[in-house]
Amino acid sequence: MATSPIPITIKLFAVYQEAYGVPELAWEFPPHTPVSVVLDRMITEYPQLAPWQPLTRFGINLQFVEGDRILESGDEVVLIPPVSGG
């Protein structure tokens, strides 16, 4: 029995928004996919993002989560790169 992919929304900021040129993406992933796979896919599409991988935190539905958190249908994912203030 095949399962349908789950839709998620990805809000982009800083270097991620610069790479894609849009503030938001709508992607689908197989069920039981960890949120870290979102960043892996971005780095596959834009290898210049690789240096940010170990520094990026994940947010799902306005809460910080670890990379192993499993995505659920309709989740809103945010990738939070380090920011500098001034």
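Predicted model: local features only at pLDDT ≥ 70, side-chain atom pairs only at ≥ 80, totals over all residues.
**View 1**
Ser36 belongs to helix H2, which spans residues 36-45. Its relative accessibility is 24%, so Ser36 counts as partly exposed; the buried class requires a value under 20%. Beyond its neighbours within four places in sequence, Ser36 is in contact with Phe58 and Gly67. Gly67 sits 31 residues from Ser36 along the sequence. In space, the C-alpha atoms of Ser36 and Gly67 are 4.6 Å apart.

**View 1. The buried face of helix H2.**
Which residues of H2 are buried? They are Val38, Leu39, Met42 and Ile43. Seen down the axis of H2, these buried residues fall within an arc of 135°, so they line one face of the helix. What covers them includes two strands, E1 (6-11) and E2 (24-29). Helix H1 (14-20) also takes part in the cover. So do strands E3 and E5, the latter formed by residues 76-80.

Thr33 lies in the loop that links E2 to H2. Is Thr33 buried or exposed? At 7% relative accessibility, Thr33 counts as buried, because buried means under 20%. The Thr33 side chain reaches the backbone oxygen of Pro30 at 2.5 Å. Setting aside residues up to four places away in sequence, Thr33 touches Arg69, Ile70 and Leu71.

**View 2. Asn61 between strands E3 and E4.**
Asn61 is found in the loop between strand E3 (57-60) and strand E4 (63-65). With Asp75, the link is a polar contact: the side chains of Asn61 and Asp75 are joined at 2.9 Å. The C-alpha atoms of Asn61 and Ala14 are separated by 19 Å. Along the chain, Asn61 and Ala14 are 47 residues apart.

Technical notes:
Residues numbered from 1 in each chain as written. Heavy atoms only, no water. Helix = DSSP H or I, 4+ residues; strand = E, 2+ residues; numbered from the N terminus. Buried < 20%, exposed > 50% of the residue type's maximum accessible area, 1.4 Å probe, protein only. Contact = heavy atoms within 4.5 Å. Polar contact = N/O pair within 3.5 Å; in protein donor to acceptor, adjacent residues only side chain to side chain. Arc of directions from axis to C-beta.
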